[in-house]
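User: I am new to this structure and would like to be guided through it by questions. Please show it first.

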Amino acid sequence: MNIPDFSGIALGVPSADGGADEWRTALKDMFPTGIPHWETPEGIAVKPLYTGRDLEGLDFLGTYPGVAPYLRGPYPTMYVNQPW
């Protein structure tokens, strides 16, 4: 059995968005008519790739759990301290 040598594989230069632009380009090449969305049983469309751009404009990200308006749960630790 041979151990594969991965040292010759070019990994590229990391980008600030984690390579999301490359993924978008690849997905557009794979699906020229439009990138398909997966739909949950509740009818919510789920994109195949989410990035930091999807978080822009969301006003509730600065909230904390256990602090009103309780968007992240009523307790700061939630179930972390539970024995199960």
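User: Leaving aside neighbours within four places in sequence, which residues is Thr 51 in contact with?

Analyst: This is a predicted model, in which local features need pLDDT of at least 70, side-chain atom pairs count only at pLDDT 80 or more, and totals for chains, interfaces and linings use all residues. Residues are numbered from 1 along each chain as its sequence is written, and side-chain values use heavy atoms, with hydrogens and water left out. Contact means heavy atoms within 4.5 Å. Thr 51 lies in the segment after E2, and its contacts beyond four places in sequence are Ala 20 and Arg 24.

User: Does Thr 51 count as buried or exposed?

Analyst: Buried means under 20% relative accessible area, exposed over 50%, and partly exposed in between, with a 1.4 Å probe and protein chains only. The relative accessibility of Thr 51 is 14%, so the residue counts as buried.

User: In what order do the elements of the protein chain run from the N terminus?

Analyst: Helices (H or I, at least four residues) and strands (E, at least two) are DSSP runs, numbered from the N terminus. From the N terminus, their order is α-β-β.

User: Which element has the lowest mean pLDDT?

Analyst: pLDDT is the predictor's confidence in each residue, from 0 to 100. The mean over the protein chain is 75, with 70% of its residues at 70 or more. Among the elements, strand E2 (residues 45–46) has the highest mean, 88, and the lowest, 77, belongs to helix H1 (residues 20–30).

User: How do the residues lining the largest pocket divide into nonpolar, polar and charged?

Analyst: Lining residues have an atom within 4 Å of a point of the pocket; among them are Arg 24, Thr 51 and Arg 53. Ala, Val, Leu, Ile, Met, Phe, Trp, Tyr, Cys and Pro count as nonpolar, Asp, Glu, Lys and Arg as charged, and the others, Gly among them, as polar. The lining divides into five nonpolar, two polar and four charged residues.

Note on methods. 1 Å grid on protein atoms, 1.4 Å probe; cavity = no way out; pocket = protein on both sides within 12 Å on 5 of 7 lines; lining within 4 Å.
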